[in-house]
Amino acid sequence: MDYEDIIMAMKNGNVPSSGASEVCIGRENEIEEFRYLLKKVDEGKAITKFINGEYGSGKSFFLKVVEEMAFEDNFVVSKVTLSRDIPFNKIEVVYKNIAKNLKCKTGTSLEHIIERWITKLKMMAFNETTDPVKQNLIVTENMQNDLELAREHSNPFVVAIENYQKAMNAGDYETAKYAQAWLRGDSNIPFTEKRKFGVKGDIDRENTFKFLEALAAFIKSIGYSGLVILIDETEYIMNLHTKKLRDTAYNYIRDIYDECSLGNFQNTLFVMAGTPQFFDDPKLGVPAYGALYDRIEDALDTSLKDLRKPVLTLEGFEKDDLMDIAGRLMIMHEEVFEWNSKEKISPMIEEIVLTHEENAGLTGGKVTPRIFIRSFVSVLDTVQQNPEEFSTDKDILKVFAEKETELEEALEDDW
């Protein structure tokens, strides 16, 4: 585990590329719920889960933790962040980015997943016989068996994979390349090239769900636990210019929710993260589209936590969580920079946490993880590099308070 990369990413307000689980404090119950969801998905279920949290509450960070958990359990994962270039009202564009961003614990890309599977089939055939003709027959038969379930959802999807393999065997790498691009949702492939690998048309809004279902079925059939699709910054839907576009996007979310409930998707977990405005705004948010809101709104008006609801809310942190995070960060920082932080920092941790709690209390909320972590790491860096400037506890508290104010004023992005 590279602690320096983790520390620097969090100091810069980014989610670490790996090791997020190492510093995910205070979310034990939420993590346990997602372990349960992954287990059910492995068993065949399809589930849609929403994550609600303020800016800085750790939504993107928690999605990274879910991704790491999924990799551990042999899932294929794809993360897509909505934006002007990836609007949810264009579901075929969303599919293209899902296919583009596929990852598993051994590598990235749909091509890697397919090639790894084909190599496995060839090794199985090689172990059964040394006759090349019989080997090809065994590979073909096993390939057809593995693709059987995916074919029930989309025959063109399966045909493209089969002809990709034939093109690779024949050394026709150009056709194989086009087949891969088409499977990823590329719509700029000439008709003459598509004819070579046996398909017509493109992946569009009419057939996207069938291709997603086929993709999930294919991934499960070739030995993975299932498919996890993470959609971040769903609040971007609120920026779509017209109600018609927003309604189209919300309707696609409703369709996904219903398809999972009806069992048309299998072995698939959709996780969609957004801000409270996305879930609460009556004009631009989910409540503006009743068909979706009726499905995911709270059935009970209570402040008690229910992690099994469609919408899981990430709360801010309290004292014990902040103390745990501070302790974990100090251990990591000491290991990376080879110094003793406890001498100067440990006596001040409770006061540092109290300062954060008081500031958060002024706005009626709890402490957001991002601001605390960024400011705390910055103070660790500053004290470690300038020990002679911090002769008293007040010196440390002063620089901490200054750093915290700067971060609260500057940070508007999500974490």
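1. A polar contact is a pair of N or O atoms within 3.5 Å; within protein, one must be able to donate a hydrogen and the other to accept it, and residues adjacent in sequence count only if both atoms are side-chain atoms. At the start of helix 1, the backbone nitrogen of E4 has a side-chain oxygen of D2 within 3.1 Å. Helices (DSSP runs of H or I, at least four residues) and strands (E, at least two) are numbered from the N terminus.

2. The model is predicted: local features need pLDDT of at least 70, side-chain atom pairs count only at pLDDT 80 or more, and totals for chains, interfaces and linings use all residues. Residues are numbered from 1 along each chain as its sequence is written, and side-chain values use heavy atoms, with hydrogens and water left out.

3. Helix 1 spans residues 3–11, and Y3, I6, I7, A9 and M10 in it are buried (under 20% relative accessible area, 1.4 Å probe, protein chains only). Seen down the helix axis, these buried residues fall within an arc of 165°, so they line one face of helix 1 (the arc is that of directions from the axis to the C-beta atoms).

4. The buried residues of helix 1 pack against helix 3 (59–72), helix 14 (319–337) and helix 17 (369–385), contact meaning heavy atoms within 4.5 Å. After helix 1 comes G13, with a positive phi near 80°.

5. Strand 7 gives the most to the lining of the second largest pocket, with three residues. A pocket is an open set of points on a 1 Å grid over the protein atoms alone, where a 1.4 Å probe fits, with protein on both sides within 12 Å along at least five of seven lines; lining residues have an atom within 4 Å of a point.

Methods: Buried < 20%, exposed > 50% of the residue type's maximum accessible area, 1.4 Å probe, protein only.
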